[in-house]
Amino acid sequence: MKLLEVRDLKVHFPIRQGLFSLVRQHVKAVDGVSLQVEAGETVGLVGESGCGKTTLGRAIIRLLEPTHGHIVFDGQDITHLEGEELRRKRRQFQMIFQDPYGSLNPRMTVGEIIGEAIDIHRLAASASARQERIEQLLKQVGLDPAHAMRYPHEFSGGQRQRIGIARALAVEPRLIVCDEPVSALDVSVQAQVINLLQDLQRQLGMAYLFVAHDLAVVEHISQRVLVMYLGRVVEGGPSKSLIRDPQHPYTQALISAVPEVDPASKKRRIILTGDVPSPIQPPSGCPFHPRCPVAVSRCSQEVPPLRETSPGHWTACHLVPALETPQS
Ligand code: SF4
């Protein structure tokens with residue numbers, strides 16, 4: 001069942017300049033992204049820092065205002081919801097942040113942080129039901145319920161991320177946007193938090209949009225992966241096939257940079273030259289062409305459309321042939 005559908009979403013930030021603060025240019029952080037997430041599914045969103053994946057995640061849960069396009073959640077267009085209607089809908093989609101410490105109020109106890117989410121959506125009928133729910137959530141994320149009276153600084157980084165997860169779960173969401181939830185944690189703790197997220201999904205059935213730059217983590221947790229470059233999706237498909245058989249030159253370069261567990265593997269590293277171009281003035285044609293090792297002259301003139309290039313696998317590259325549709 002389709003839970004989330006994003007159609008041609010753009011998030012452009014105006015740059016104001018001059019005496020009268022006139023808008024002269026825009027940062028095109030997200031520039032025409034379409035995607036779908038099924039109920040209970042995990043979709044990974046990867047790309048280098050600055051590719052727009054975090055902005056996209058924030059726009060989807062309406063922390064940022066989209067410039068163009070549509071966000072349809074459970075059949076309802078939520079692109080322009082406001083006020084009480086948005087607050088009520090927001091119960092169904094939550095976010096887990098990269099920096100668990102920065103996203104937790106240091107002056108509130110853990111019980112107050114989780115209780116606040118319960119109060120906003122009036123989810124407990126009495127004080128004792130509220131307390132019971134806080135304790136249940138702490139247990140569910142592997143924390144001691146007796147620690148509800150402690151403050152965020154009394155916990156380790158991994159424990160703080162568990163508090164952030166408990167806060168998100170408090171409102172029983174159907175979708176959680178996980179924004180680089182493990183990238184600030186030690187590698188050993190990363191695995192524990194990923195396993196916890198997977199266990200919770202099995203128990204509670206919510207969907208995840210998992211934003212990360214670490215392809216190994218994304219492959220492990222996601223059924224499908226989308227690769228973003230300069231505000232656009234350049235490749236998407238089932239995670240196993242996309243990681244084993246990447247078709248877009250950018251995805252091939254990203255995957256070639258992931259260290260192999262098997263030292264006998266002879267994977268050739270593709271070194272990308274140059275920096276990611278400015279999203280204020282993206283390159284003409286294919287936005288990847290100034291860095292693409294196999295670019296041809298057409299690449300700087302024509303934007304390659306995202307086409308199905310093998311079953312369920314979509315690629316935006318002039319050199320990857322589209323899947324032939326059977327003649328009727
Ligand atoms: Fe490279 Fe051209 Fe394909 Fe873009 S369209 S990825 S520049 S080959």
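This is a predicted model: local features need pLDDT of at least 70, side-chain atom pairs count only at pLDDT 80 or more; totals for chains, interfaces and linings use all residues.

In helix 9, the buried residues are Pro-249, Tyr-250, Thr-251, Ala-253, Leu-254, Ile-255 and Ser-256. Buried here means under 20% relative accessible area, exposed means over 50%, and partly exposed is in between, using a 1.4 Å probe and protein chains only. Helices (H or I, at least four residues) and strands (E, at least two) are DSSP runs, numbered from the N terminus. Helix 9 spans residues 249–256 and is mostly covered, with seven of its eight residues buried. The cover over those buried residues includes helix 7 (215–221), strand 9 (224–229), strand 10 (232–238) and helix 8 (239–244).

Residues are numbered from 1 along each chain as its sequence is written, and side-chain values use heavy atoms, with hydrogens and water left out.

Pro-246 belongs to the loop between helix 8 and helix 9. Pro-246 counts as buried because its relative accessibility is 14%. Contact means heavy atoms within 4.5 Å. Leaving aside neighbours within four places in sequence, Pro-246 is in contact with Glu-235, Ser-241, Thr-251, Gln-252 and Ile-255. As for Glu-235, its C-alpha atom is separated from that of Pro-246 by 8.3 Å, and the two are 11 residues apart along the chain.

Let me turn to the nonpolar cores. A nonpolar core is a set of buried Ala, Val, Leu, Ile, Met, Phe, Trp, Tyr and Cys residues joined through side-chain atoms within 4.5 Å. Which members of the largest nonpolar core touch the most other members? They are Ile-114, Ile-165 and Phe-210, out of 53 residues in that core. Apart from it lies another core, of 31 residues, including Leu-35, Val-37, Cys-51 and Ile-61. In soluble globular proteins, nonpolar side chains tend to be buried together.

Not counting residues up to four places away in sequence, Phe-210 touches Thr-42, Val-43, Gly-44, Leu-45, Cys-178, Pro-181, Ile-194, Leu-197, Val-217, Val-218 and Ile-221. Ile-221 is also touched by Gln-198, as is His-220, again not counting residues up to four places away in sequence. Gln-198 lies in helix 6 (residues 187–204), and Gln-198 counts as buried because its relative accessibility is 16%.

Ile-114 brings us to helix 3. In helix 3 (residues 110–120), the buried residues are Val-110, Gly-111, Ile-113, Ile-114, Gly-115, Ala-117 and Ile-118. They pack against helix 4 (127–140) and helix 5 (157–169). Within helix 5 we find Gln-161. Gln-161 is buried, because its relative accessible area is 1%. Leaving aside neighbours within four places in sequence, Gln-161 is in contact with Ile-96, Phe-97, Gln-98, Pro-100, Pro-181, Leu-185 and Val-193.

Next, the backbone. Most residues other than glycine have a negative phi, and most peptide bonds are trans. Just after helix 3, Arg-122 takes a positive phi of about 50 degrees. Asp-74, although not a glycine, has a positive phi of about 50 degrees, and is found in the loop between strand 4 (68–73) and strand 5 (76–77). Asp-8, also not a glycine, has a positive phi of about 45 degrees, but its place is in strand 1 (residues 2–17). Asp-74 is partly exposed, with a relative accessible area of 34%, and Asp-8 is partly exposed at 33%.

Not counting residues up to four places away in sequence, Arg-24 touches Ile-15 and Gln-17.

I close with the ligand. Of the 13 residues around it, Cys-286, Cys-292, Cys-299, Cys-317 and His-318 come nearest, where a residue is near if one of its heavy atoms lies within 4 Å of the molecule. The shell around the ligand divides into 10 nonpolar residues, three polar and no charged. In this count Ala, Val, Leu, Ile, Met, Phe, Trp, Tyr, Cys and Pro are nonpolar, Asp, Glu, Lys and Arg are charged, and the others, Gly among them, are polar.
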